[in-house]
Amino acid sequence: MMQQRWASIYKCTQLLGSFLLVLVIWNLPQYALADVNPQEINAIIRTRDIALQALNTRDFAKIQPYLHPNFTITTVDNQIFHKVPEFEKYWNQQFSSSIKDIQMQLKGDTIRTFLTSEIDVASGEAIASFSFKDGKAADMGLRWTAVLQKLQDKWMIQSLHFSSNLLNNPVLNAAQQLGRILAVAAGIGGFLLGAVTMLLLRRSTQQRTERI
């Protein structure tokens, strides 16, 4: 009896789950399931290319018309910006230390999902190429996610998020290498200072002994 009862409950659960799945799919907006006009895709790609050019040339006036009024940018180091001047200041500060230039390019295909006919969620990979002031260069792999919304016949970036592998970060590696160099230099400097101090103390002791 118990086995038959559990079997009946299991069958009812399967039927209910199937019914709910069909109901959800049936109630999805048709434009979310349908193919998007290729012209809209081209407009989205144009916004993406303008944003990429703005980053690589540090000319943020180009991208400002394509930013949503309530946009958000989350950087690799987990900082969040809502205004272009704030992000521009942050970006330019990256070049005040050991970094000479940063060039970003997309890698592979973009995964794109339209929640509605006017909201696009896109994600993919990118490569950030770092040029350092000491002549060295390094690449860092990135992942990005962007939400774009169509407003006033223009596709605008509502949010943009970057992430990277902390274990393969050229800027962090350069900082760690500099730290190791400074540590070795400090160690050598401490050793030399200690040796000179010991030598001076020894000479002082010898002079006192000779006087006695």
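Residues are numbered from 1 along each chain as its sequence is written, and side-chain values use heavy atoms, with hydrogens and water left out. In this predicted model, local features need pLDDT of at least 70 and side-chain atom pairs count only at pLDDT 80 or more, while totals for chains, interfaces and linings use all residues.

Colleague: How many cavities of 30 Å³ or more are found in the whole structure?

Modeller: A cavity is a set of points on a 1 Å grid over the protein atoms alone where a 1.4 Å probe fits but cannot get out. Points are joined across faces, edges and corners, and a volume is the space filled by probe spheres set on them. The number of cavities of 30 Å³ or more is two.

Colleague: Which element supplies the largest share of the lining of the largest cavity?

Modeller: Lining residues have an atom within 4 Å of a cavity point, and helices (H or I, at least four residues) and strands (E, at least two) are DSSP runs numbered from the N terminus. The largest cavity has 17 lining residues, with Arg 48, Ala 51, Trp 144, Ala 146 and Leu 160 nearest its centre. Strands 3, 4, 5 and 6 each give at least two residues to this lining. The largest share, six residues, comes from helix 3.

Colleague: How many charged residues are in the lining of the second largest cavity?

Modeller: Ala, Val, Leu, Ile, Met, Phe, Trp, Tyr, Cys and Pro count as nonpolar, Asp, Glu, Lys and Arg as charged, and the others, Gly among them, as polar. The lining of the largest cavity has 14 nonpolar, one polar and two charged residues. For the second largest cavity, the lining has 13 nonpolar residues, no polar ones, and the number of charged residues is none.

Colleague: Is Thr 47 buried or exposed?

Modeller: Thr 47 sits in helix 3. Leaving aside neighbours within four places in sequence, Thr 47 is in contact (heavy atoms within 4.5 Å) with Ile 63, Tyr 66, Leu 148, Trp 155 and Ile 157. Buried means under 20% relative accessible area, exposed over 50%, and partly exposed in between, with a 1.4 Å probe and protein chains only. At 2% relative accessible area, Thr 47 is buried.

Colleague: Which residue caps the N-terminal end of helix 3?

Modeller: The cap places a side-chain oxygen 2.9 Å from the backbone nitrogen of Gln 39. The residue that supplies this oxygen is Asn 37.

Notes: 1 Å grid on protein atoms, 1.4 Å probe; cavity = no way out; pocket = protein on both sides within 12 Å on 5 of 7 lines; lining within 4 Å. Polar contact = N/O pair within 3.5 Å; in protein donor to acceptor, adjacent residues only side chain to side chain.
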